[in-house]
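Let's take a friendly walk through a protein model, starting with one residue and then moving to the place where two chains meet.

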Amino acid sequence: MRDVIVIGAGGGGPVVAKELAAQGLDVLVLEAGPRHADPRAQWTSFENDANNPLTGYFRLGPTDRSKPAWFREWSQNSFVWQLSGVGGTTQHFYGNYPRAYPGVFSGYEGPDRNEYDIEHRFPFSYAEMVPYFEWVEATAPVMTAAMGTKEAVFFRGCETLGLPVQTTKTTTGPSYRPQENAILQPGGNAGRTTDRDLLAYPQATGCTFCGYCFQGCMRPVGAPRNQFAKRSTDNSYVPMALTADVWAPGGRPVDLVTDAFVTRIHTERRGGALTATGVTWRDNASGAEHREDARVVVMAGGCTENPRLWFNSGLPNPNDWVGRGYTDHFFDWVIGAFDDDTGNPKGVGSSARLDFPPYGGLENVGLPPALNAFSTTLSDSGIRGQYTNGRGPTGPWDGPAGRVMGPELKELVAGGLDRLLSVLVITDDDVERDNRVTLSALPADENGPIPKISFRHRARTARTTRNREFMARKAAELLRGAGARKVYRIDWAPLILHVQSSMRMGESERNSVLDANAESRAVRRLFIADNSALPNALGGPNPTLTTQALATRTAEKIFQRYFGGDPWVATGAPVVSTDPRISVRLGELGL
Amino acid sequence: MPDSTVPVGRRAFLARLGLLGAAVGVGGLLPRSALTPPAAAAQNDLLPDAVGLLRPVLAELARDTLNGLSVFALPGPDAYSAAQGTPGDTPGALEAGTTDFLLDALDNFVPFPDELARPVGAALATGLADSAVPLPGADLLPGQLGTLDRAFSALLENDATIPLSFPIAGMLNLLATQVNPLAVNGAFLSPFARLSYAEKARAFELLEGPDSDLVATLDVHFPEPLKHSVSGLLKFVGGALIEFASFGSYTEYAVFDAETRQLTARPVGWRLTGYQPEGPVEGWDDFIGYYQGRTEVRD
């Protein structure tokens with residue numbers, strides 16, 4: 001019998017695990033995918049080797065790459081970018097840690113208070129969340145991003161839009177700024193040389209500007225795992241969880257088991273209430289099933305896998321909201337072609353942003369050649385110059401939106417990737433019932449019936465559609481302002497990569513799965529601690545910080561309610577994840 | 001001999017799929033004699049041989065079709081690019097190994113359930129609108145055509161695993177002949193590979209369109225709850241084929257040595273885009289400071 005079993009070692013699960021391990025609880029973390037414990041031997045930074053969704057080391061599948069990836073049903077033109085493995089999608093993220101906009105929380109009284117997704121607000125206030133933001137920001141740690149050429153180009157465009165620079169952590173209105181990101185900023189030779197002999201730790205510390213965020217961060221070479229620049233959870237929270245005995249008084253290291261696919265959550269009736277008691281998982285390699293019990297079970301398998309596990313476990317769904325309300329920031333992609341160097345794709349994937357509550361935001365993005373090609377060909381508007389698929393919106397970009405592919409793409413990149421700058425359009429999108437995960441009617445896999453992800457992307461709410469169009473125009477204006485001689489809008493098909501709210505917490509029991517403590521309304525002792533627990537799309541900010549802050553709060557709620565403990569965030573001092581005691585212990589453990 | 005009689009619609013279907021031309025058209029891969037039923041023998045005696053002969057024909061047809069798709073994503077200095085009207089002198093998808101990239105992915109790594117591949121294959125076998133275009137293999141005897149058709153059916157029904165590249169290629173070729181019926185004949189094995197760039201785009205328009213006839217035709221053949229799964233999946237496939245072919249064309253796939261995890265040459269995608277002119281890096285010297293000199297913010 002464990003104290004706590006955490007299902008999933010992605011962006012959220014390791015936070016609960018680390019926090020409760022620090023309190024001395026016996027925590028088991030089960031991860032369905034691989035542990036990349038030796039990235040220098042397992043990764044390459046090449047795009048196909050890393051990011052091929054079928055065969056890459058970053059995919060949704062078992063450790064053994066000769067085995068197929070796990071098939072998921074997407075019933076529309078879309079791309080759902082799930083990753084298995086310790087770190088989850090933080091393995092390929094850009095480390096951006098903006099706070100959710102205050103307008104998405106209960107009790108917000110700003111003049112634009114009615115402009116957000118007001119039917120689906122956080123069930124508590126922004127002020128209540130701030131200490132948890134601060135705790136995570138100190139742990140990760142979060143810093144103001146350094147600037148490279150592609151940030152300078154982006155800011156040049158921002159400066160033409162008549163917006164102020166944000167100089168606070170909290171976003172209070174339309175503004176632009178360097179990212180607040182969980183990247184160790186460049187130190188020593190990092191960012192100042194291309195000579196690899198000068199870029200080994202500790203001559204170089206923090207971000208070396210390699211441009212390989214999406215292929216996994218393993219730099220500077222020679223650094224301890226918890227000193228790699230990018231704070232994916234496999235570099236931050238997981239090392240802390242595995243070494244809790246050395247940095248937390250009374251702490252107890254977690255047990256981490258990988259290639260362990262949880263197929264069932266067990267329950268029983270206790271005092272009339274359905275109560276979670278443990279889980280069954282299946283070893284990917286041997287197929288052997290294991291069962292273990294726990295006082296509390298925490299789901300953190302992601303927005304797509306959590307509903308699947310819920311359904312496959314036969315858990316109740318009294319208000320029919322399990323799997324519903326999936327939000328994805330309804331991304332779009334706008335590209336500028338320049339005559340001068342844009343710095344693409346050097347440095348962190350994105351180190352600059354523009355926020356525009358209550359519409360959404362923009363980020364500059366650097367991409368290597370194949371991901372660039374993917375990004376210019378994922379469209380719901382056909383092929384530029386050939387067909388529009390019934391869409392092809394026009395605006396301050398050149399020609400109708402649509403795929404830039406084939407000869408046109410070849411010509412576009414012929415001037416060099418470093419003459420392009422891309423902008424990610426992030427929409428503040430509404431929670432909608434019909435954007436959801438259900439079980440697929442296609443054949444089950446070895447872990448049970450598979451999930452089906454449905455997005456009615458052509459029938460989003462008027463507010464969502466308005467926000468996306470507004471931000472796409474801002475992106476084009478920004479690129480023009482920065483000096484782009486040509487601007488392309490792709491009109492992306494859903495790229496479901498910022499995922500939120502498919503198991504949402506909410507103010508009302510009529511349209512939420514979780515109560516305000518992130519505990520399931522239908523099953524006691526069952527909590528959710530990843531992006532799926534978020535009540536909404538946050539207004540547009542990247543979800544990792546808010547998920548981790550919420551997971552920290554959830555860890556406190558678990559400890560208070562079921563282990564008789566006291567909360568620690570209000571009075572304690574967080575340990576930073578780069579702490580040398582963690583590095584030393586990792587070395588002793590061979591990690 | 002009624003068993004040897006293949007209905008006209010079925011014959012057109014085999015032609016439009018590309019199979020008839022690839023097997024017995026001009027430049028076809030099968031000797032006619034292999035399909036000729038011996039007068040005295042039971043027909044089924046011939047079938048195992050014919051199935052064995054047909055499998056490589058289908059594989060070549062799939063490869064040829066994907067050549068046509070690859071150059072649609074990234075044209076280069078090859079015959080397929082010239083045929084679609086986009087000749088060039090810089091390397092393209094065929095130099096980048098995109099066809100192998102797609103075959104490798106489709107046949108070995110897409111965990112596409114046979115339970116779905118099989119009915120999709122069967123559903124494709126329904127007659128679509130016929131045309132007056134002369135079909136390849138016109139001089140084929142009824143018995144030969146019957147053998148070919150039965151071997152094809154037997155292969156779909158009996159093979160343990162149908163490589164996903166077969167139904168994908170078949171689908172592209174059916175669409176190709178919908179766009180341009182004349183594509184049933186000509187250079188290459190695949191009707192899709194014979195299309196112009198604009199015609200290939202039109203084929204994808206048919207696949208992606210919200211009211212795609214092909215998709216609707218397929219839905220008819222599936223019971224609920226699979227009905228909309230098939231149409232949704234095909235819309236996904238329509239997009240994914242373009243995206244995946246484009247992605248693959250610009251990766252290191254063709255020059256990656258899996259043993260050493262090193263590159264054996266500079267990838268086509270890198271040459272075309274100027275990416276990493278000196279090869280992989282540990283870092284860049286692109287740190288230019290902090291915006292407005294600010295290194296920290298607070299509320």
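Arg463(A) is buried, because its relative accessible area is 14% and buried means under 20% (exposed is over 50%, partly exposed in between; 1.4 Å probe, protein chains only). The model is predicted, so local features need pLDDT of at least 70 and side-chain atom pairs pLDDT 80 or more, while totals for chains, interfaces and linings use all residues. Residues are numbered from 1 along each chain as its sequence is written, chains are lettered from A in the order in which they are written, and side-chain values use heavy atoms, leaving out hydrogens and water.

Leaving aside neighbours within four places in sequence, Arg463(A) is in contact with residues including Tyr116(A), Pro358(A) and Asp428(A); contact means heavy atoms within 4.5 Å. Here are two partners of its side chain:

| Partner of the Arg463(A) side chain | Distance |
|---|---|
| Asp430(A), side chain | 2.8 Å, polar contact |

A polar contact is a pair of N or O atoms within 3.5 Å; within protein, one must be able to donate a hydrogen and the other to accept it, and residues adjacent in sequence count only if both atoms are side-chain atoms.

Now for the two chains. In chain A, 92 residues are in contact with 70 residues of chain B. How many salt bridges are there between chain A and chain B? The count is 5, where a salt bridge is a side-chain nitrogen of Lys or Arg within 4 Å of a carboxyl oxygen of Asp or Glu. One salt bridge joins the side chains of Arg99(A) and Asp299(B), at 3.3 Å from N to O.
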